[in-house]
Structure formats: C-alpha cells, structure tokens
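I opened my notebook to look up a few things in this structure. My notes follow the display.

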Amino acid sequence: METKAREIWSKALEYLRPQISDLNFGTWLKPIKVISDSLDPLLLEVPTKFFRDWTVEHYAGTIKEALEKIAERKMEIDFLIANEVPAAKTAATQQGAFLL
C-alpha cells in the first residue's frame with residue numbers, strides 16, 4: 001500500500017511529466033525517492049550532493065508548486081543525500097535543514 005507521501009509524490013511526478021523534457025525528467029526527477037511517510041516536511045532522497053544542489057537550483061520551486069497543487073496545502077520539502085540519509089533524516093526532522 002502506498003503511503004500518503006508517496007502517493008502525493010507520484011501524482012506530482014505525473015503532473016510534472018509533460019512540463020519537463022524526457023531527458024531532464026529521467027535525469028533529475030525520476031531518481032528522487034520519498035523516504036518517509038511524513039508530509040511535514042516531505043523527505044526526498046537524492047543520489048549525491050551535486051544532484052541535490054542542481055535539483056534545488058533548477059527544480060525546487062517547480063517541484064514545490066506541483067506538490068502543493070496535488071496536496072492542496074502548503075508543503076515543505078527536504079532533499080537528503082542517499083548515503084547520508086539515516087543521520088540527515090534525524091537532523092532534518094530536528095533542525096529543518098535544506099527545507100524549501
């Protein structure tokens with residue numbers, strides 16, 4: 001069964017799909033994974049620091065807008081680097097690091 005967080009992320013990807021080229025969608029959005037059932041913030045896992053930085057710079061606003069449209073509420077998102085997830089997940093929920 002899909003969690004609410006994963007359901008919202010999946011629907012946001014469907015919403016964004018026609019707006020972004022196949023190459024960019026496959027490169028920058030498809031690899032992102034929801035790593036928590038929480039929506040406050042929505043925790044998204046990315047493969048590397050470079051990936052996180054590039055995605056935040058180029059797509060964070062678009063992603064946030066899509067999520068808020070789908071969820072019908074304000075959303076905070078946090079991009080966590082895959083190999084840092086256990087420690088970063090705890091720190092993010094306590095400190096709000098990298099929230100958008």
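I started with a helix pair: α1 passes α3 in a right-handed crossing. A crossing is right-handed if the near helix is turned clockwise from the far one by less than a right angle, and left-handed if anticlockwise. I looked up which residues make the contact (heavy atoms within 4.5 Å). From α1 they are I8, W9, K11, A12, Y15 and L16. From α3 they are T62, I63, A66, L67, K69, I70 and A71. I sorted these residues of the α1 and α3 contact into ten nonpolar, one polar and two charged. Here Ala, Val, Leu, Ile, Met, Phe, Trp, Tyr, Cys and Pro count as nonpolar, Asp, Glu, Lys and Arg as charged, and the others, Gly among them, as polar. The axes of α1 (residues 4-16) and α3 come within 9 Å and cross at roughly 115 degrees. Axes are lines fitted to C-alpha atoms, for helices over the stretch in contact, with angles from 0 to 180 degrees between N-to-C directions.

I noted how to read the model: it is predicted, local features need pLDDT of at least 70, side-chain atom pairs count only at pLDDT 80 or more, and totals for chains, interfaces and linings use all residues. Residues are numbered from 1 along each chain as its sequence is written, and side-chain values use heavy atoms, with hydrogens and water left out.

Next, the whole chain. I found four helices and three strands, in the order α-α-β-β-α-β-α. Helices (H or I, at least four residues) and strands (E, at least two) are DSSP runs, numbered from the N terminus. Of the 100 residues, 41% count as buried. Buried means under 20% relative accessible area, exposed over 50%, partly exposed in between (1.4 Å probe, protein chains only).

Then I turned to T55. It lies in helix α3 (residues 49-71). Is T55 buried or exposed? T55 counts as buried because its relative accessibility is 0%. Its side chain reaches the backbone oxygen of F51 at 2.8 Å. Beyond neighbours within four places in sequence, T55 is in contact with W28, I32, A60, I63 and F79.

Last, I checked the backbone. Most residues other than glycine have a negative phi, and most peptide bonds are trans. D40 and P41 are joined by a cis peptide bond, with omega about -5 degrees. P41 sits in the loop between β1 (33-34) and β2 (42-46). E72 is not a glycine, yet has a positive phi of about 55 degrees. I placed E72 in the loop between α3 and β3 (77-81). E72 counts as exposed because its relative accessibility is 74%.

Notes: A polar contact is a pair of N or O atoms within 3.5 Å; within protein, one must be able to donate a hydrogen and the other to accept it, and residues adjacent in sequence count only if both atoms are side-chain atoms.
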